[in-house]
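This report covers selected features of one protein model: its charged pairs, a sheet, some helices and a few single residues. Please read it with the structure open.

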Amino acid sequence: MTVTAQRFDAVTLEILWTRLISIVDEAAKAIVRTSFSTLANEANDFACMLTDARGRALAQNTGSIPSFIGTLPATVRHFLAAMGPEGMRPGDLLITNDAWMGTGHMSDVSVLKPIFRGGRLVAFSATTSHMPDIGGRVRAIEAREIFEEGLHIPLTKLRREGRTDETLIALIRANVRTPDQTVGDIWAQAGANELMEKRLLALMDDGRLDTLAALGDELFARAERAMRGAIRAVPDGTYRSAMRTDGVDAPLDFRVALTIAGDELTADYAGTSPQQPRAINCVYAYTYAMTAYAIKCALLPGLANNEGMYRPVKVAAPEGSILNPKFPAAVVSRAVTGHYVPPLLFGALHQVVPDRVMAGPGSPLWAVQQTGLRADGRPYTNIFFFNGGMGATPVKDGESATSWPSNISSTPVEVAERNSPLFFRYKRLRSDSGGRGRFRGGLGQDILFECESATPIVVSFMAERTKFPAPGLAGGGAGGTGDVRINGRRLDNRRQHVLKRGDTVLVRTPGGGGYGPSAERDRRLAALDRAMGYVGRGSPRRESRGPGAQSP
């Protein structure tokens, strides 16, 4: 007798859900071990997920990039809408990097595998990973439309009933600078998909499950009840927040009206700046994912993610705005916009649950991408992540040199030097970059490297908070702003630049905002700050929310 129509007791449910999570975590380890590029095996820029037959998220790997929480299940549903279950067969492998149906930019390739049991579609294994290169201009914020940003892979099949589409593989290889790495990373994803399929079918055998419908419904219902309960505990009302960010030719304005009504929550981004003719637009799926993630962090941080958790969360973003752009907007650097969504929401939530949020992070996402020719004439490209400081919380200092709201890892110097003709003179924490407060903001870092390439290389930057610092909360000080310089001269970090041998690049990432008045800081912590050199070597951070935070 199967248990497909039965309710699950708490012990059985915990065992099954834990096994689902272990499956996706094992798949994540497989990607780290088999991927070709540092984006997966060093930076952690990927995700693994299982969904039910309708594309509803059952489990995702523990270390998943937060934005993929909301985007990857939506990609599964786009494939279902385009092909239908009847258009899928055992042995199929689906692939796309469509920005609007995927993760928000074409640099991420999503690979899905429909899973069949007894000839019946029961689930999907899904992975997405940031490619080392997808063609086009290299992470250029200067791009004005998506056609400049690389190869577009529509919703299609990489394998049909086990047979690889070699023409598609050849097309991908012909359009990227790193064919071995890019295709190698795609096959690493495919291996993780197959591993999840094998482990899931074994789980279904052990649990005598013909389908995952009953298990999914139970998991979703319990997660939904938990989230609704957490929202219900917040007083009803509309809470507003606004901030201003660097922008490109002019600053950008972000606004949200966060409405709590019973056990549901709506984030409305009306009043946010319109979409831009540059590659910093953030598609709706990414905006939704960042919204859901911020709400989970504040209200229900301890529960593993699944579909039910986000049912009470609604998002409205005006079409044609920078948080919901129209095709063919340029979107490759959408993270420099989307990563402002969580601190914007925390500014609203601070008015009603101040003990649940942290001050502004100094690292929306900082990265250096460079491309050139190796000694043998082959083209290459690398992306190096260098994080700023996190914001302080009501109970502790912010973490230094740590990315948030993404969990991208900083690139080790040894890895950067191994993979590129760069010599790093130093990489160190920035004194006085953390906002002052009862609890101090996390510090940014200074990275100085020198070009040793015999031929010119092109560099582009993802750099934010160079004009408007990370705001503090509850009287805490703003974090230090970031800066990028070549040969000692401040530059336009929104443009690509050419480096010659001997040129130096200084990257100074921002610090996080402080929390609470600095006069209330524990004397022992203040003494430790001075002893460690965290403060005292530069100008003190201001005791204010900072110009990046504005009154509603």
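Glu224, Arg228, Arg232, Asp263, Glu264 and Arg311 are joined in a network of salt bridges. A salt bridge here is a side-chain nitrogen of Lys or Arg within 4 Å of a carboxyl oxygen of Asp or Glu. The structure has 40 salt bridges. Side chains of opposite charge can pair when their charged atoms come close.

The model is predicted, and local features need pLDDT of at least 70, side-chain atom pairs count only at pLDDT 80 or more, and totals for chains, interfaces and linings use all residues. Residues are numbered from 1 along each chain as its sequence is written, and side-chain values use heavy atoms, with hydrogens and water left out.

| Pair | N to O distance |
|---|---|
| Glu26 and Arg199 | 2.8 Å |
| Asp217 and Arg56 | 3.1 Å |
| Arg495 and Glu142 | 3.8 Å |

Helices (H or I, at least four residues) and strands (E, at least two) are DSSP runs, numbered from the N terminus. A residue is buried under 20% relative accessible area, exposed over 50%, and partly exposed in between (1.4 Å probe, protein chains only).

Glu26 forms a salt bridge with Arg199. Glu26 belongs to helix α1 (residues 10-34) and Arg199 to helix α5, so this pair ties together parts that are 173 residues apart in sequence. Glu26 counts as partly exposed, at 29% relative accessibility, and Arg199 also counts as partly exposed, at 32%.

Asp217 forms a salt bridge with Arg56. Asp217 sits in helix α6 (residues 213-232), while Arg56 is in the loop between β1 (46-52) and β2 (57-60), so the pair ties together parts that are 161 residues apart in sequence. Asp217 is partly exposed at 37% relative accessibility, whereas Arg56 is buried at 13%.

The side chains of Arg495 and Glu142 also meet in a salt bridge. Arg495 is in the loop between β18 and β19 (497-499) and Glu142 in the loop between β5 (120-130) and β6 (156-160), so parts that are 353 residues apart in sequence are tied together by the pair. Arg495 has a relative accessible area of 47%, and is partly exposed.

**The sheet around β15**

Five strands form an open sheet in the order β14-β15-β20-β17-β18, with antiparallel pairing. β14 and β18 (489-490) are at the edges, each with a single partner strand, so one side of each has no neighbour in the sheet. Two strands count as paired if DSSP finds at least two bridges between them. Strands of a sheet pair through backbone hydrogen bonds, either parallel or antiparallel.

Strand β14 (residues 422-429) and β15 are antiparallel and share seven bridges; the bridge partner of Leu422 is Cys451 in β15. β15 pairs with strand β20 (residues 504-508) in the antiparallel sense over five bridges, and Leu448 has Leu506 in β20 as its bridge partner. Strand β17 (residues 483-486) and β18 are antiparallel over two bridges, with Arg485 opposite Arg490 in β18.

How many residues of strand β15 are buried? Seven of the seven residues of β15 (residues 445-451) are buried, so the strand is largely enclosed by the rest of the structure. Gln445, Ile447, Phe449 and Cys451 point one way from β15, and Asp446, Leu448 and Glu450 point the other way. In a regular strand the side chains alternate between the two faces of the sheet.

**Cysteines**

Cys451 is buried at 1% relative accessibility, and Cys48 is buried at 0%. With a disulfide taken as a pair of cysteine sulfur atoms within 2.5 Å, the count is zero disulfides.

The expected span of a helix is 1.5 Å times one less than its number of residues. Helix α5 (residues 179-206) has 28 residues and reaches 41 Å from its first C-alpha to its last, close to the expected 40 Å. Arg208, with a positive phi near 50°, follows α5. Helix α7 (residues 284-299) has 16 residues that should span 22 Å, and its end C-alpha atoms are 22 Å apart, which agrees. Of the 16 residues of α7, 14 are buried, so α7 is largely enclosed by the rest of the structure.

**Thr393**

Thr393 lies in the loop between β13 (379-385) and α10 (413-419). Thr393 counts as buried, at 19% relative accessibility. Leaving aside neighbours within four places in sequence, Thr393 is in contact with Val357, Met358, Phe439 and Tyr515, where contact means heavy atoms within 4.5 Å.
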